[in-house]
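Here are my notes on this one, in the order I'd go through them with the model open. Have a look at the chain before reading on.

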Amino acid sequence: MKLTVVGGGSTYTPELIDGFARLRDTLPLQDLVLMDPSTERLDLMGPLARRIFARQGHPGRITTTSDLDAAVEGADAVLLQLRVGGQAARQQDETWPLECGCVGQETTGAGGLAKALRTVPVVLDIAERVRRTNPDAWLIDFTNPVGIVTRALLQAGHKAVGLCNVAIGFQRRFAALLDVAPSEIHLDHVGLNHLTWETGVRLGGPDGKDVLPELLAEHGESIATDLHLPPTLLNRLGVVPSYYLRYFYAHDEVVRELRTKPSRAAEVAAMEQELLNLYGDPTLDEKPALLARRGGAYYSEAAVDLAAALLSGGGSPYQVVNTLNQGTLPFLPDDAVIEIQAAVDRNGPRPLPTAPMDPLFSGLTAHVTTYEGLALEAALHGGRDRVFKALLAHPLIAQYEHAEALTDRLIAHNREHLAWA
């Protein structure tokens with residue numbers, strides 16, 4: 001079994017390598033290729049990855065290359081983890097929206113649109129090259145904004161599944177609170193990437209007992225603290241929202257916070273430099289503890305689980321993925337990409353039936369889905385007017401003066417990445 005990681009020079013990569021090594025019985029890799037345009041990053045990541053495999057007794061072969069065509073040839077799956085523009089672009093995404101009183105975040109709002117515009121053309125180009133070289137390979141998309149990027153891939157006819165670590169994070173958190181194995185927790189997880197709600201927490205599978213009411217009664221305050229939301233809100237909603245919902249439910253509070261502290265991008269950039277220094281240590285043969293602060297918890301477990309299901313029929317039978325709606329949420333277009341529990345095997349994901357969404361959640365989901373469709377149009381075809389319409393459609397913007405000002409800023413800060421600008 002061969003797997004290629006495009007963006008293999010990412011500081012996240014040791015997390016992946018550690019997961020591949022620990023979970024080798026679930027995903028028995030023979031060949032792992034780390035592909036990245038930066039040979040400097042690969043010179044760090046390749047030796048470290050081999051040392052991690054050796055320490056854990058993994059017999060697989062790890063190679064590195066900057067040649068995409070060579071990297072994907074013969075691969076059973078290609079994992080995409082790109083950041084077009086690097087942390088410098090993220091810093092911009094988190095900064096200029098604040099000038100207009102809007103949240104600055106790399107996947108949500110105006111910053112998220114900027115990231116989509118930079119990323120979608122690059123990912124589609126990579127996917128076309130994979131299809132020419134290796135049309136049977138699965139594409140596993142971790143590249144943010146996952147919903148929009150995965151929608152672009154699927155609309156272009158690629159064999160793609162989008163993945164995020166939010167759901168597995170909740171699964172592990174709830175399992176610990178309930179003192180059960182994570183595999184016993186089945187989430188009724190519904191919405192869009194970074195716009196989801198846990199509407200049920202079932203024991204043993206999709207037909208198991210829903211223990212969410214008891215979970216909220218006993219641990220609601222702790223869960224709310226993690227989300228930086230008031231416990232009373234969770235009690236009134238009766239669900240657990242993704243922490244990204246805080247950008248909607250507490251927008252003005254978040255903007256005030258972001259204006260008075262260093263950006264997350266600045267923190268991550270400093271952390272990444274420290275990580276790269278550690279990765280250069282020839283005695284390091286495990287992922288460093290510092291990596292846990294970088295984010296992406298359980299990223300490798302989710303990737304292994306999905307790849308195993310797609311490539312061998314192994315892994316968990318039900319997984320939370322990003323895939324085509326196809327009538328699952330009847331108020332959305334069939335070609336929208338939703339984040340949902342699905343049965344996953346070699347044939348790909350098939351969303352499980354879900355209960356009708358509460359209008360309180362379906363309204364926002366429909367609104368953001370419309371934005372995502374317009375954002376994808378702007379990413380595919382360019383043009384100031386398309387950018388403006390996408391921004392105007394976003395529920396966190398929705399005022400023409402803000403949309404006009406943000407459009408000008410987005411283009412000015414991203415001109416080098418936008419072929420049409």
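1. In which helix is Leu117 found? Leu117 belongs to helix 5, residues 109–133. Keep in mind that this is a predicted model, so everything below is computed from predicted coordinates. Is Leu117 buried or exposed? With a relative accessible area of 2%, Leu117 is buried, the cut-off for that being under 20%.

2. What does Leu117 touch, leaving aside residues up to four places away in sequence? The list is Ala375, Ala378, Ala379, Val387, Leu410 and Leu418. Two of these names come back in the next point: Ala375 and Ala378 are on the helix 15 side of a helix pair, and Val387 is on the helix 16 side.

3. Now the helix pair itself. Two packed helices are described by the angle between their axes and the distance between the axes. For helix 15 (residues 359–381) and helix 16 (residues 384–393), the axes come within 8 Å and cross at roughly 165°. Angles over 145 degrees count as roughly antiparallel, so helix 15 is roughly antiparallel to helix 16. The crossing is left-handed. From helix 15 the contact takes His367, Tyr371, Leu374, Ala375, Glu377, Ala378 and His381, and from helix 16 it takes Arg386, Val387, Lys389, Ala390 and Ala393. By type, these residues split into 7 nonpolar, 2 polar and 3 charged.

4. Next, strand 11 (residues 337–345). How many of its 9 residues are buried? The count is 8, so the strand is largely enclosed by the rest of the structure. Strand 11 runs antiparallel to strand 10 (residues 318–324), with 7 bridges joining them, and Leu324 stands opposite Val337 there. Strand 7 (residues 185–192) is also antiparallel to strand 11, joined by 2 bridges; Gly191 has Glu339 as its bridge partner.

5. Strand 11 has another antiparallel pairing, with strand 12 (residues 348–351), over 4 bridges. Asp345 is bridged to Gly348 of strand 12. Together strand 11 and strand 12 form a hairpin, with 2 residues between them.

6. Helix 6 (residues 146–155) deserves a look too. Of its 10 residues, 9 are buried, so this helix is largely enclosed by the rest of the structure. The buried set includes Arg151 and Thr150 as well as Val146, Ile148 and Leu153. After the helix comes Gly157, with a positive phi near 85°.

7. Last, some backbone values to check. Most residues other than glycine have a negative phi, and most peptide bonds are trans. Which loop holds Asp179? That is the loop between helix 7 (166–178) and strand 7. Asp179 has a positive phi near 60°, and it is exposed, with a relative accessible area of 71%. Tyr298, in the loop between helix 13 (291–294) and helix 14 (299–312), has a positive phi near 65° and is partly exposed at 32% relative accessible area.

Definitions and conventions: Residues are numbered from 1 along each chain as its sequence is written. This is a predicted model: local features need pLDDT of at least 70, side-chain atom pairs count only at pLDDT 80 or more; totals for chains, interfaces and linings use all residues. Side-chain values use heavy atoms; hydrogens and water are left out. Axes are lines fitted to C-alpha atoms, for helices over the stretch in contact, and angles run from 0 to 180 degrees between N-to-C directions. Angles under 35 degrees count as roughly parallel, over 145 as roughly antiparallel, 65 to 115 as roughly perpendicular and the rest as oblique. A crossing is left-handed if the near helix is turned anticlockwise from the far one by less than a right angle, and right-handed if clockwise. Contact means heavy atoms within 4.5 Å. Ala, Val, Leu, Ile, Met, Phe, Trp, Tyr, Cys and Pro count as nonpolar, Asp, Glu, Lys and Arg as charged, and the others, Gly among them, as polar. Buried means under 20% relative accessible area, exposed over 50%, partly exposed in between (1.4 Å probe, protein chains only). Two strands pair if DSSP finds at least two bridges between them.
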